[in-house]
Amino acid sequence: VPSEITKSDYNITILPIGQTDANLEDNNTVFSMGFSDLVIQSVTETRTQTGRNLTVSVLNDGFESIDSATVNLYSEGINGELLDTQIISVLESGTNTEVVFEIEESSLDSSISEDARLYYIYAETDSYESNYGNNDNSIALYPDYTVTLNAESGGTVSGSGTYINDSKAAIKATPEPGYLFE
């Protein structure tokens, strides 16, 4: 292998040691090496005042620069609706960058469904890549849940509010004098 890998075709010839080969033509092969390799390293969720941000870390793990790439966000998986596209203008070999997608809180409304929403992220480029199997990722976002408490008579309740999935809600009921909970 050369000391500096560039995008090109390489020829390999395999010969038997100490023997002759009747047909040297079938001992040769050509392979290409040195392409770019777009990799989605991670997808992280952060909360904002209006919803969530998905920060996508994209790496060029190959040997050639990428002149242009797109990172697409789909709802409900690979066959879902295309929600947004971010453009990466240039990504040098060995470098990474981040793109951010904004998810409106209204699209995560728990009154519509309490289930997680699946988002699928796919990165693509016109450059040849050495590995296309690392160009995608998905993330499930859970809606926030609203707890509403009402005391009709005989006491007070507290703990109403909006809660993040898997968080604990502290609910307290206090009877008025002369009332008991059964």
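Reader: How many positive and negative side chains does the chain have, and how far apart do the centres of the two sets lie?

Author: The chain has 6 positive and 30 negative side chains, with 16 Å between the centres of the two sets. Lys and Arg count as positive, Asp and Glu as negative, while His and the chain ends are not counted. Each charge is placed at NZ of Lys, CZ of Arg, CG of Asp or CD of Glu. Before we go on: this is a predicted model, in which local features need pLDDT of at least 70 and side-chain atom pairs pLDDT 80 or more, while totals for chains, interfaces and linings use all residues. Residues are numbered from 1 along each chain as its sequence is written, and side-chain values use heavy atoms, leaving out hydrogens and water.

Reader: What makes up the secondary structure of the chain?

Author: There are zero helices and 13 strands. Helices are DSSP runs of H or I with at least four residues, strands are runs of E with at least two, and both are numbered from the N terminus.

Reader: Why is the chain called more spread out than a compact globule?

Author: Its radius of gyration, taken over C-alpha atoms, is 28 Å, well over the 16 Å from the globule rule for 182 residues, so the chain is more spread out than a compact globule. That rule is 2.2 Å times the number of residues to the power 0.38. The C-alpha atoms fill a box of roughly 105 × 40 × 30 Å along the principal axes.

Reader: Why does Gly 18 count as exposed?

Author: Exposed means over 50% relative accessible area, buried under 20%, and partly exposed in between, with a 1.4 Å probe and protein chains only. Gly 18 has 82%, so it counts as exposed. Gly 18 sits in the loop between β1 (8-13) and β2 (28-33).

Reader: And Tyr 10, buried or exposed?

Author: Tyr 10 is at 16%, under the 20% limit, so it is buried. Tyr 10 belongs to strand β1, and its C-alpha atom is 5.5 Å from that of Val 30, 20 residues away along the chain.

Reader: Which residues have the most contacts inside the largest nonpolar core?

Author: They are Leu 54, Val 56, Val 71, Tyr 119 and Ile 121, in a core of 21 residues. β3 (38-47), β4 (51-60), β5 (69-75), β7 (96-104), β8 (117-125) and β9 (136-141) each supply at least two of its residues. Such a core is a set of buried Ala, Val, Leu, Ile, Met, Phe, Trp, Tyr and Cys residues joined through side-chain atoms within 4.5 Å.

Reader: What is in contact with Tyr 119?

Author: Contact means heavy atoms within 4.5 Å. Leaving aside neighbours within four places in sequence, the partners of Tyr 119 include Leu 54, Leu 73, Ile 103, Ser 107 and Ile 139.

Reader: Why is Ser 107 called partly exposed?

Author: Its relative accessible area is 35%, between the 20% and 50% limits, so Ser 107 is partly exposed. Ser 107 is in the loop between β7 and β8.

Reader: What is the phi of Glu 76?

Author: Glu 76 has a positive phi of about 60 degrees, although it is not a glycine. Most residues other than glycine have a negative phi. Glu 76 lies in the loop between β5 and β6 (82-88).
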